[in-house]
Amino acid sequence: MTFPKRTICVAALLVMAMSLFAESSDSWIDRQAAGRFQMRSEIPIRQSKVLSNFMHSLQQHESDISATLRLRQNQKPIVINVFQSRRSYQDFVTRIAPGEKERRALFIQSETHGSVYAYLHADVMTDLRHETTHAILHSSLPFVPLWLDEGLAEYFEVARANRASGNPHLRRTKLDARLILTWRPQPHEAGSCPRPICDDGS
Ligand SMILES: [Zn+2]
C-alpha cells in the first residue's frame, strides 16, 4: 500500500471546534517548551535524539523563515503533537479529520494557535520541519496561496545545511526551469504550454 509522501495544510477543511477537540489526548507523557512552541509527545522527548534535536533547532528554524521572508514574528502558540506510531497517529486523526488519516502529518490553524500532528518514523524530522513551516507562515500571514505555502514548506523541510545547495527538490526544479526557458511553441502546438506547467493530470 502506498501513502501520500507529502503532507498538506488542511486548515481550510476543518472547523475550529475540531481543532479544539484535537487538543485533548490521554496519551501525552511528556511536554517541552521552546519559546512559543510546545511539544507534546507519546514518548519521552529527551530520550529521542530526533525530537530533542528538533526542539533545539525550532527557534533557529523560525528565525530562518522570518529572515528569508521578512516576516514579522508573533507569539501565537504553536503546539507540536508527536505520536509514537502510525497507528496511534491514525487513531487520533480519525477522530478529528477522518478523510486525512492517510496523510503522513498534518497542520491545523485555529484562531488562537497552530497545531502540528506527526508520528515517529525514519523521516519524521522532515515532516516536523515541513508542518512547522506551515504553522509559522500561517501565524504571521492572513493568507498564503497553496502553491506558495507548499513550495516554502518543501524548501524549509530540508535540513538547514542542505537547503541552498543540497536540496533534493533542486534537480527537478532546474529541469523544469530549463524546459520552460528553452521551450518554444511549434505551429501545431499553439496555445499549449510546456508539460511541467500543464498540471491537468494528463
Ligand atoms: Zn505541506
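1. Read along the sequence, the chain follows the order β-α-β-β-α-β-α-β-β-α-α-α, which comprises 6 helices and 6 strands. The model is a predicted one. Of the 202 residues in the protein, 28% are buried. Among contacts between residues at least 6 apart in sequence, 62% join residues at least 24 apart.

2. The remaining points concern helix α2. This helix has 21 residues and spans 29 Å from its first C-alpha to its last, close to the 30 Å expected at 1.5 Å a residue. A bend of about 45° is found at S57. Just after the helix, R70 adopts a positive phi of about 55°.

3. Which residues of α2 are buried? They are L51, F54, M55, L58, E62 and I65; the set includes the glutamate E62. The elements covering the buried residues of α2 include the strands β2 (30–34), β3 (37–41) and β4 (78–83), together with the helices α4 and α5 (146–156).

4. The crossing is right-handed.

5. On the α2 side, this contact is made by V50, F54, H61, E62 and I65; on the α4 side, by V124, M125, L128, R129, T132, T133 and I136. By class, the contact has 7 nonpolar, 3 polar and 2 charged residues. F54, E62 and I65 of α2 take part in the contact and are also buried.

Conventions. Residues numbered from 1 in each chain as written. Predicted model: local features only at pLDDT ≥ 70, side-chain atom pairs only at ≥ 80, totals over all residues. Left-handed = near helix turned anticlockwise from the far one by under 90°. Helix = DSSP H or I, 4+ residues; strand = E, 2+ residues; numbered from the N terminus. Contact = placed C-beta atoms within 7 Å. Nonpolar A, V, L, I, M, F, W, Y, C, P; charged D, E, K, R; others polar. Expected span 1.5 Å × (residues − 1). Bend = angle between axes of the 7 residues up to and from the residue. Buried ≥ 20, exposed ≤ 12 C-beta atoms within 10 Å, placed from the backbone.
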